[in-house]
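Work through these exercises with the structure open. Try each task before reading its solution.

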Amino acid sequence: MKYLTLFSIHNLALLNDWLQETGELYTDVYLPRTARTSDCYFIHAMDDLKSLVEQQSRSQMVLTIFHRRQYPLRGIADETLLEQALEQIPDGECYTIVSLSKFPSSVKFSGSGKSHAELRHEFAEILGEEVGIGHEPCVVHDKMWFKRQLDEVFEATVLARDQYAIVKNQDYYEPYAKEPERYHWLEELWVK
């Protein structure tokens with residue numbers, strides 16, 4: 001299936017504006033019925049999003065794209081970053097450590113846990129690496145959050161049974177409706 005057709009121009013305009021606002025889109029690609037859970041990417045350009053979508057070939061997929069910057073505590077893993085993490089993440093609260101690799105590389109999960117002891121131990125293994133620390137968004141939020149937070153997450157699901165079923169959590173974007181000419185370049189990008 002060609003997944004580029006999943007996206008309406010309203011979707012593309014929304015995602016482009018999110019990208020312009022935050023500088024990146026954290027994108028989770030979940031392929032049901034595979035041995036993997038998800039592949040995640042930090043997308044920094046609409047061309048990269050298009051490439052990621054074009055690479056998908058499975059008959060089922062859930063694509064989740066987050067508006068806000070995920071893993072907000074970032075930097076080179078050193079004592080200063082560790083101290084910031086220990087101050088900002090209460091002992092007993094879940095955390096995840098990830099690489100800050102850019103597309104086409106997928107995000108590498110370098111550790112997770114819910115205690116300061118675990119955080120210190122895992123941090124020792126990644127000293128000197130550029131990392132992000134925070135909550136893994138697909139784990140922290142439940143399905144109802146995804147349905148209610150239309151200004152925070154875009155989700156498209158393709159399920160193949162006897163025929164394809166495509167479900168998106170939104171398909172209208174007011175800024176596009178008001179100024180479609182502003183986004184004309186996105187239509188050209190997506191079809192070339």
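**Exercise 1.** In which helix is the place of E87? Then classify its exposure.

*Solution.* This is a predicted model: local features need pLDDT of at least 70, side-chain atom pairs count only at pLDDT 80 or more, and totals for chains, interfaces and linings use all residues. Residues are numbered from 1 along each chain as its sequence is written, and side-chain values use heavy atoms, with hydrogens and water left out.

Step 1. Find the element. E87 sits in helix α3. Helices (H or I, at least four residues) and strands (E, at least two) are DSSP runs, numbered from the N terminus.

Step 2. Check the accessibility. E87 has 66% relative accessibility, so E87 counts as exposed.

Step 3. Take one distance. E87 and D151 are 64 residues apart in sequence. Their C-alpha atoms are 29 Å apart in space.

**Exercise 2.** Describe how α3 and α4 pack.

*Solution.* Two packed helices are described by the angle between their axes and the distance between the axes.

Step 1. Get the geometry. Helix α3 covers residues 79-88 and helix α4 covers residues 116-125. Their axes come within 11 Å and cross at roughly 160°. Axes are lines fitted to C-alpha atoms, for helices over the stretch in contact, and angles run from 0 to 180 degrees between N-to-C directions.

Step 2. Name the arrangement. α3 and α4 are therefore roughly antiparallel to each other. Angles under 35 degrees count as roughly parallel, over 145 as roughly antiparallel, 65 to 115 as roughly perpendicular and the rest as oblique.

Step 3. List the contact. From α3 come L81, L82, A85 and L86. From α4 come H116, L119, R120 and F123. Contact means heavy atoms within 4.5 Å.

Step 4. Sort these residues. The α3 and α4 contact has six nonpolar, one polar and one charged. Here Ala, Val, Leu, Ile, Met, Phe, Trp, Tyr, Cys and Pro count as nonpolar, Asp, Glu, Lys and Arg as charged, and the others, Gly among them, as polar.

**Exercise 3.** At what angle do α1 and α8 pack?

*Solution.* Step 1. Read the angle. It is about 110°, and the axes of α1 and α8 are 10 Å apart.

Step 1. Classify it. α1 and α8 are therefore roughly perpendicular to each other.

Step 2. Find the partners. I9, L12, A13 and N16 in α1 meet W185, L186, E187 and W190 in α8. The residues of this contact divide into six nonpolar, one polar and one charged.

**Exercise 4.** How many residues does the largest nonpolar core have? Then find its sources.

*Solution.* Step 1. Count. The largest nonpolar core has 33 residues. A nonpolar core is a set of buried Ala, Val, Leu, Ile, Met, Phe, Trp, Tyr and Cys residues joined through side-chain atoms within 4.5 Å.

Step 1. Trace the sources. Elements that each supply at least two residues of this core include α1 (9-22), β8 (153-160) and α8 (184-191). The largest share, seven residues, comes from α1.

Step 2. F7 touches L12, L15, V53, L63, F154, K168 and W190, not counting residues up to four places away in sequence.

**Exercise 5.** Examine the backbone at Y71 and P104.

*Solution.* Most residues other than glycine have a negative phi, and most peptide bonds are trans.

Step 1. Take Y71. Its phi is positive, about 55°, although Y71 is not a glycine. Y71 lies in the loop between β3 and β4 (73-76). Y71 is buried, with a relative accessible area of 1%.

Step 2. Take P104. A cis peptide bond joins F103 and P104, with omega about 20°. P104 lies in the loop between β5 (95-99) and β6 (109-113).

**Exercise 6.** Is G132 buried or exposed?

*Solution.* Step 1. G132 lies in strand β7 (residues 130-134). At 0% relative accessibility, G132 counts as buried.

Step 1. Among the residues that G132 touches are Y71, L73 and T96.

Notes: Buried < 20%, exposed > 50% of the residue type's maximum accessible area, 1.4 Å probe, protein only.
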